[in-house]
Amino acid sequence: MKITKKQIREIVRGEIKSIVNEASVSGEEFVAMWEKALKIAKSAKMWSPHMKKSDSAAAVGYTNSDFWGKVPDKYDSTPVFGYHRQSAEKAFKYGDWTRPLMIGWGVTDAENDAEMTKAGKNIVKVLKKAGFKVKWNGDPEKKINLIPG
């Protein structure tokens with residue numbers, strides 16, 4: 001099958017249009033919203049390993065296991081949230097936030113899905129209040145996604 005110049009131009013225009021319309025947020029804007037979310041979370045009796053770091057927007061660990069390994073036992077009954085470096089590497093490109101950032105979250109000693117779902121809803125409220133666009137389907141087994149743009 002031969003492709004005409006007109007078809008190539010249409011394909012290129014479509015690709016350019018999708019790149020231009022891709023949501024992007026500067027790294028500085030993300031950091032400001034993240035720091036605000038951590039302040040709100042602290043006042044709501046939630047916790048994040050990011051709160052212990054001098055650079056609160058820096059990823060915590062490289063994997064999910066690394067992230068949860070940074071959560072002290074004293075926070076077992078507290079809603080906890082944050083992200084690790086693998087998630088950050090997928091979400092940020094050249095200092096800009098261009099793709100969804102997956103947020104790990106949970107309550108270590110939650111006794112049932114209802115408790116987990118309640119904690120997830122409260123974390124989503126905090127993130128939205130800080131200015132984030134949030135996507136989460138309410139499933140306590142799924143991560144919360146922060147959407148750029």
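This is a predicted model: local features need pLDDT of at least 70, side-chain atom pairs count only at pLDDT 80 or more; totals for chains, interfaces and linings use all residues.
Is Lys 143 buried, partly exposed or exposed?

Residues are numbered from 1 along each chain as its sequence is written, and side-chain values use heavy atoms, with hydrogens and water left out.

So, back to the opening question. Lys 143 has 26% relative accessibility, so it counts as partly exposed. With a 1.4 Å probe and protein chains only, buried means under 20% relative accessible area, exposed means over 50%, and partly exposed is in between. You will find Lys 143 in the loop between β6 and β7. Helices (H or I, at least four residues) and strands (E, at least two) are DSSP runs, numbered from the N terminus.

Who does Lys 143 meet? Leaving aside neighbours within four places in sequence, its contacts (heavy atoms within 4.5 Å) include His 84, Ser 87, Trp 105 and Trp 136. Gly 104 is 39 residues away from Lys 143 in sequence, yet their C-alpha atoms are 5.5 Å apart in space.

Now step along to strand β7, residues 144-147. Which of its residues are on the covered face? Those are Ile 144 and Leu 146, while Asn 145 and Ile 147 are on the uncovered one. In a regular strand the side chains alternate between the two faces of the sheet.

Strand β7 pairs in the antiparallel sense with β5 (residues 101-106) over three bridges, and Leu 101 has Leu 146 as its bridge partner. With β6 (residues 133-135), β7 also pairs in the antiparallel sense over three bridges, and there Lys 133 is partnered by Ile 147. Two strands pair if DSSP finds at least two bridges between them.

Follow Leu 146 inside. Not counting residues up to four places away in sequence, it touches, among others, Phe 30, Trp 34, Trp 97 and Phe 132. Leu 146 is also one of the residues that touch the most other members of the largest nonpolar core, which has 31 residues. A nonpolar core is a set of buried Ala, Val, Leu, Ile, Met, Phe, Trp, Tyr and Cys residues joined through side-chain atoms within 4.5 Å. Helix α2 gives the largest share of this core, seven residues.

Finally, the rings. How many aromatic pairs does the structure hold? There are 13. Rings of Phe, Tyr and Trp (its six-membered ring) pair if their centres lie within 6.5 Å; planes under 30 degrees apart count as stacked, over 60 as edge-to-face and the rest as tilted. Trp 34 and Phe 81 are edge-to-face, 5.7 Å centre to centre with 75 degrees between the planes. Both are buried. For Trp 47 and Tyr 75, the centres are 4.2 Å apart and the planes at 10 degrees, so this pair is stacked.
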